[in-house]
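Subject: Handover of a structure and the findings

Dear colleague,

Please find below the structure that I am handing over to you. My findings follow directly after it.

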Amino acid sequence: MTHVLGIPIDPALRLWPYPERVLRVLLAALVLSLLVAACATEDPTPGPQVAVPAGVKPVRAVGAAEDRLALLAPAGYAADTAGFTRTTGCAVTIKHVSTSDQVVRLLSTGRYDGALGTGDATVRLISSGGIAPVNTRLVPNYRDVFDGLKQQPFNSVGGQMFAVPVGRAADLLTWRRDKIPGTLGNLGAIFDPAQAASYGGQITVPDDPTEIAAAAAWLIRQREDLKITDPYELDHRQFNAVIDVLRHQQPYVGEYWRDPADVREAFQQGEAIVGMARQGTVGELQAGAGTAPIDATLPPGATGRSPAWMVAAKARHPNCMYRWLDHALDPHVDAQVALVTQIAPSVSTSCDVLAAAGHAQHCTLFHADDDGYYEQVLYRTSPSRDCGDARGRACMGWDAWIKAWAAVRRGR
């Protein structure tokens, strides 16, 4: 068993090494990305309207621990369960999930006390009454969570938190410098029809309906007549215009990826020369010996994610679940999850833990303490039928997004 930061880690979980010889290159690339992003003009402000069921209130106190805890989470996010059990007496069982649809469906069964998911699960579960509001006063480590992760549209409603964030990450506009000289500064590189056509089918983008929001963010400045103010609140006319952008892009997309490893291989093999890749994948590409020269930047409107723990409304072991929320935000646990899953930690003191363990560069490379950097990110969430303005329920909901994205993928 390997130990990182004093915590046992399954050796099957691969960590991203940060060789000193490439650190300076990575830092320079990311600093450049900040400068380019700072010069951009787009300012997307996602914020779907979420209706909270009546009578939903957070608990006022944490009682005696029950003897067990049933969780839903992707691999790598539930760290140091053995230590948690020793400390609290709560025996943990985990069912691994890989999609937000699984989280929504399984958490609603009442068989699980909590789950880790992104905003596209959280928003749906808030609206359906599937998760309980979180009393953050009962989660002591929450005070050290970066301010930029608190009170966001994808994890709270009206100032009430419904999920405890455990990190954040973004998708970066990525390209091969040997194929595309110069600097790419915005999402027009993959959405503008003329630019997309010039790459000859060597674009790669996430296979994810939230790419509709990214296209909408780019279209804000291209089609001011559409009056798009929020990329997640699109009425029928706006939505059709955005889908047209994606239809024009589709012939030039070589791969819609789900596994980040596929992106890495596509760039290495020359199957992709431009597209969207996760921060960790970019770091691996730039650090890999003998690979093609890779550059990347964070363009305004890029998609991203902020995983968070939620408490099931029907939790059978809510007292153990609240203890788990605080455990997940322990800086040692938060630091381990950040390393394993390649995201920025959510707790400011986690960066001190990482630095003490020789991983100071992790927080720098993932812009952990830079809330301004992440303000440009369109975090995963679920669009609502309610536009949040005078249009009322005229916007396209999540089901319409999923259906339209599937049609785009098929070239229809």
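In this predicted model, 7 of the 10 residues of α4 are buried, so the helix is largely enclosed by the rest of the structure. Buried means under 20% relative accessible area, exposed means over 50%, and partly exposed lies in between (1.4 Å probe, protein chains only). Helices (H or I, at least four residues) and strands (E, at least two) are DSSP runs, numbered from the N terminus. The buried residues in α4 are G119, D120, A121, T122, V123, L125 and I126. Their cover includes α3 (100–107), β5 (114–117), β6, β7, β16 (308–312) and α16 (398–409). Here, contact means heavy atoms within 4.5 Å.

S127 also belongs to helix α4, which spans residues 119–128. With a relative accessible area of 38%, S127 is partly exposed. Its C-alpha atom is 9.8 Å from that of S384, although S127 and S384 are 257 residues apart along the chain. Just after α4, G129 has a positive phi of about 80°.

Residues are numbered from 1 along each chain as its sequence is written, and side-chain values use heavy atoms, with hydrogens and water left out. Because the model is predicted, local features need pLDDT of at least 70 and side-chain atom pairs count only at pLDDT 80 or more, while totals for chains, interfaces and linings use all residues.

The chain as a whole

The protein chain contains 16 helices and 17 strands. Of its 412 residues, 56% are buried. Among the contacts in the chain with a separation of 6 or more, 74% are between residues 24 or more positions apart.

Aromatic rings

How many aromatic pairs does the structure hold? There are 8 aromatic pairs. Rings of Phe, Tyr and Trp (its six-membered ring) pair if their centres lie within 6.5 Å; planes under 30 degrees apart count as stacked, over 60 as edge-to-face and the rest as tilted. One of the pairs joins F154 and Y379, with 4.7 Å from centre to centre and 45° between the planes, and is tilted. F154 lies in the loop between β6 (131–132) and β7 (156–157), and Y379 in strand β17 (residues 378–379), so this pair ties together parts that are 225 residues apart in sequence. Both F154 and Y379 are buried.

The rings of Y373 and Y374 have centres 5.1 Å apart and planes at 75°, so this pair is edge-to-face. Y373 is buried, at 2% relative accessibility, and Y374 is buried at 2% relative accessibility.

Helices α12 and α13

Two packed helices are described by the angle between their axes and the distance between the axes. The axes of α12 (residues 331–341) and α13 (residues 348–356) come within 8 Å and cross at roughly 75°. Axes are lines fitted to C-alpha atoms, for helices over the stretch in contact, and angles run from 0 to 180 degrees between N-to-C directions. α12 and α13 are therefore roughly perpendicular to each other; angles under 35 degrees count as roughly parallel, over 145 as roughly antiparallel, 65 to 115 as roughly perpendicular and the rest as oblique.

Which residues make the contact? From α12 they are P331, H332, D334, A335 and L339, and from α13 they are T349, S350, V353 and L354. These residues divide into 5 nonpolar, 3 polar and 1 charged. Ala, Val, Leu, Ile, Met, Phe, Trp, Tyr, Cys and Pro count as nonpolar, Asp, Glu, Lys and Arg as charged, and the others, Gly among them, as polar.

Not counting residues up to four places away in sequence, S348 touches D144 and F146.

Positive phi values

D80, in the loop between β3 (68–73) and α2 (81–88), is a residue other than glycine with a positive phi, near 50°. Q151, in the loop between β6 and β7, likewise has a positive phi, near 55°.

Yours sincerely
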